[in-house]
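This report looks at charged and aromatic side-chain contacts in the structure shown below.

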Amino acid sequence: DGDHAISVKDCMEMSRAIEQQLDREKEDFSIEVTSAGITAPLQLPRQYKKNEGRKIRVLTDNKEYKGKLVQANDENILLTWKQRESKPVGKGKHTVEKEVTINYHEIKEAKVIITFN
C-alpha cells in the first residue's frame, strides 16, 4: 500500500528483490507479491486522505454509515450523505443532507464502496 498506485512492474521488482536474497538450493519456495487492493479496509489516516471524494462504508460500535468521505485529517473523518425523512410539517418526505464526524478510534472497519459509472 502506498500514496501512489502500485503497478504490476512494482510487484515484479519486489518479488525479484526478495527472491535474490533466498537460496533455492536450500529451500523450495514460492513468492506471491500483491498490493492491498481497493477492497482492503482503510486503517491509516493517509489512506483516508487518499480516498477523499469517494463513497465509503464505516462501521462503529453502534452504527453503520455510508457516505462520501469529504475530509480526513489526523484525528477524524467527515462523511456526508443524502437521506429521505418525513417533513417536519405536513405529509410526505423530503431529502436532507446529513453529515457526521467520526474519530479514528471509533472506527471498527472502513472500506471504499466500489462503483462502476
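## Salt bridges

In this predicted model, the count of salt bridges comes to six. One of them joins Lys-49 to Asp-74, with the closest N and O atoms 2.8 Å apart, and this pair links distant parts of the chain, since Lys-49 belongs to helix α2 whereas Asp-74 sits in the loop between β2 and β3, 25 residues apart. Lys-49 is partly exposed, its relative accessible area being 36%, while Asp-74, at 54%, is exposed.

Another salt bridge brings together the side chains of Lys-108 and Asp-61 at 3.5 Å, N to O; here Lys-108 lies in the loop between β4 and β5 and Asp-61 in the loop between β1 and β2, 47 residues apart. Both Lys-108 and Asp-61 are exposed.

## A salt-bridge network

Arg-57, Glu-64 and Glu-109 are linked in a network of salt bridges. Within it, the side chains of Glu-64 and Arg-57 meet at 3.6 Å, N to O, and Glu-64 counts as partly exposed at 43% relative accessibility.

## Aromatic pairs

The whole structure contains two aromatic pairs. In one, the ring centres of Tyr-48 and Tyr-104 are 5.1 Å apart and the planes stand at 55°, so the pair is tilted. Tyr-48 lies in helix α2 and Tyr-104 in the loop between β4 and β5, so the pair ties together parts that are 56 residues apart in sequence. Tyr-48 is buried at 2% relative accessible area, and Tyr-104, at 16%, also counts as buried.

In the other, Tyr-65 and Trp-81 have ring centres 5.9 Å apart and planes at 55°, so this pair is tilted. Tyr-65 in strand β2 and Trp-81 in strand β3 are 16 residues apart, and both are buried.

Methods:
Residues numbered from 1 in each chain as written. Predicted model: local features only at pLDDT ≥ 70, side-chain atom pairs only at ≥ 80, totals over all residues. Heavy atoms only, no water. Phe/Tyr/Trp six-rings, centres within 6.5 Å; stacked < 30°, edge-to-face > 60°. Helix = DSSP H or I, 4+ residues; strand = E, 2+ residues; numbered from the N terminus. Buried < 20%, exposed > 50% of the residue type's maximum accessible area, 1.4 Å probe, protein only. Salt bridge = Lys/Arg side-chain N within 4 Å of Asp/Glu carboxyl O.
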